[in-house]
Amino acid sequence: MTRYAHITGWGMAVPEAILTNADLEKMVETSDEWITSRTGIRERRIAAKNESTATLAAKAGLRALESTGLLARELDLVIVASASPEHLFPATACLVQDALGATRAGAFDLSAACSGFIYAVQMAAQSIRTGAIDSALVIGAETLSRLVNWEDRETCVLFGDGAGAFVLEARETPGGVLSGVLRSDGSGGSLLTVPAGGSRMPASADTLERNLHTIHMNGREVFRFATRVMATATREVVAGAGLKMDDIELVVPHQANLRIIEAAARGLHLPMERFMVNIERYGNTSSASIPMAVCEAVEQGRVRPGDHLVLVGFGAGLTWGALALQWVETRRPPGVQRSRLTLWTFLAHLRSFALRVWRRLEGLFWGTSSEG
Ligand code: UT7
C-alpha cells in the first residue's frame with residue numbers, strides 16, 4: 001500500500017491585543033503611510049504578559065486536533081517550528097506535548113526561522129510516508145514581540161505574534177503533501193540574526209546594554225534574497241510534484257512584505273488573485289505566517305477539496321523552501337459513512353482533473369496560459 005501524508009486538521013491562535021501603525025507612530029519615527037506602502041502591514045497582534053510561544057502553539061495545536069477528531073494521545077509526533085522558542089531548552093514542543101496530553105508522542109523544536117513550518121511539514125510528511133509514524137502535529141508559533149528592539153524602526157514595525165498548526169495523518173487516498181524543496185545558504189547568516197543569548201555570545205550586562213538580544217536585520221539584502229528564491233522554489237516544487245504552474249489554484253507565501261509577494265507573482269507570471277495575503281492584519285509572524293494564512297484561506301472558501309497549493313517561505317539562516325500539496329478532504333465528519341466520503345474524494349479528484357484540462361485548453365486556444 002502507498003502511504004500519503006494528508007493535512008487532516010488545521011487551526012490558528014493569535015493574541016487579542018492589536019498594535020496599529022498609528023500606535024507605532026507614537027513609539028518611533030515612522031508613519032502609517034511608510035509602513036503600509038513599503039510592507040502592506042496595517043496592524044499586528046502582540047502577546048499579553050501571560051501568553052508565550054508555547055501557549056499560542058498549544059492553542060493552535062488544540063484547534064487543529066479538534067478539527068480532526070484525532071485524540072492528542074493518539075499522536076506520534078509533535079514538532080514546533082519557531083524563531084522565538086520558549087527557552088533554549090527544553091523544547092517548546094515538549095511543553096506543548098505535555099499541555100495537550102500527547103502522551104505517546106515524540107516532540108522536538110525545529111529551527112529554520114521563517115521557513116521553519118515548511119521544513120517541519122516536510123519532515124513529518126516524510127516520516128508518515130515511510131511508515132515510521134502515522135500522525136503528527138506540526139506547529140509554527142512565535143512571540144517575536146519579545147525579541148524586537150522597540151526603538152529600532154527598521155524592524156519593530158514588521159513583526160507580530162501568532163501560531164498556526166496542521167495535523168498530518170497517513171491515508172491511502174492519493175494527495176496531501178506531494179513534494180518539498182528545502183534549501184539553505186549559511187553564508188548569509190549575519191543578514192538576519194539575534195546575536196546574543198546563545199553559546200557564541202552568552203547573556204551579559206554588556207550584551208544587554210548593546211541590545212544584542214534583539215533582532216538585527218539588513219532589510220534590503222533580505223528583500224533581495226527573498227525575491228530571488230520565492231519564484232525559483234515555487235517552480236521547483238511544482239515540477240517535483242509532476243504539475244504545471246497552471247495546475248496551482250493557490251500559492252500561500254510567507255507573509256513578510258507585500259512587495260516581496262508581488263515580486264514573486266510577477267516572476268511566476270501569476271495574477272495576485274492566486275496568492276493568499278493576510279499580512280495587513282498580522283505583520284510578519286515568521287514560522288506561523290504560512291499555516292495562519294492557510295487557515296484563513298480555508299475559512300474564506302479559497303481552498304476546496306482537490307485544489308493544488310504551493311506553500312513557500314524564506315527566512316534567517318538563510319533558509320527557504322516550498323511544499324506542493326493537494327488538498328483532499330479526508331476528515332470523516334460525524335455520521336458520514338465511509339462510502340459517502342470515498343464518493344466525495346472521487347468527485348474532488350474529478351473536479352481537479354476537469355479544471356486542469358480546462359486551463360490547458362484555455363492556454364492552447366486563447367493563449368491565456370499563466371505558465372511560469
Ligand atoms: O521574514 C523574513 C524577515 N524579513 C524580511 O523579509 C524583510 C525584508 N525586507 C523588507 O521587507 C524591506 O527591506 C523593509 C521593509 C525592511 C525596508 O523597506 P525598504 O524599501 O527596503 O527600505 P530601506 O531599508 O531601503 O529604507 C528606505 C528609507 C531609509 O531612509 P533613507 O536612508 O532613505 O533616508 C530608512 O531609514 O526608509 C527609512 N525607514 C523608515 N522610515 C519610516 C526604514 N524603516 C522605516 C520606518 N519608518 N519604519
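Which helices each supply at least two residues of the shell around the ligand? They are α2 (32-39), α6 (153-156) and α8 (219-240). The close-up views below come from a predicted model.

View 1. The ligand sits in the second largest pocket. Around the ligand are 22 residues. Thr30, Arg220, His254, Asn257 and Asn284 are the closest. Helix α8 gives the most to this shell, with four residues. By type, the shell holds ten nonpolar, six polar and six charged residues.

View 2. How much of the ligand does the protein bury? The ligand taken alone exposes 940 Å², and the protein buries 79% of that.

**View 3. A tilted tryptophan pair.** The structure holds four aromatic pairs. One of them joins Trp10 and Trp327. Their ring centres are 4.8 Å apart. The planes meet at 55°, so the pair counts as tilted. It would be edge-to-face only at over 60 degrees. The pair links distant parts of the chain, 317 residues apart. Trp10 belongs to strand β1 (residues 4-13). Trp327 is in the loop between β13 (319-326) and α12 (338-366).

**View 4. The peptide bond from Phe89 to Pro90.** This bond is cis, with omega near 5°. Pro90 is in the loop between β4 (77-81) and α4 (92-100). Most peptide bonds are trans.

**View 5. The peptide bond between Gly317 and Leu318.** Here, too, the bond is cis. Its omega is about -5°. Where does Leu318 lie? Leu318 is in the loop between β12 (308-315) and β13.

**View 6. The backbone at Asn211.** Is the phi of Asn211 positive or negative? It is positive, at about 60°, although Asn211 is not a glycine. Most residues other than glycine have a negative phi. Asn211 sits in the loop between α7 (205-209) and β10 (216-217).

Definitions and conventions: Residues are numbered from 1 along each chain as its sequence is written. This is a predicted model: local features need pLDDT of at least 70, side-chain atom pairs count only at pLDDT 80 or more; totals for chains, interfaces and linings use all residues. Side-chain values use heavy atoms; hydrogens and water are left out. A residue is near a molecule or strand if one of its heavy atoms lies within 4 Å of it. Accessible areas come from the Shrake-Rupley method with a 1.4 Å probe; for residues, only the protein chains shown count as cover. On a 1 Å grid over the protein atoms alone, a cavity is a set of points where a 1.4 Å probe fits but cannot get out, and a pocket is an open set with protein on both sides within 12 Å along at least five of seven lines; lining residues have an atom within 4 Å of a point. A molecule sits in a cavity or pocket if more than half of its atoms lie within 2 Å of its grid points. Ala, Val, Leu, Ile, Met, Phe, Trp, Tyr, Cys and Pro count as nonpolar, Asp, Glu, Lys and Arg as charged, and the others, Gly among them, as polar. Rings of Phe, Tyr and Trp (its six-membered ring) pair if their centres lie within 6.5 Å; planes under 30 degrees apart count as stacked, over 60 as edge-to-face and the rest as tilted.
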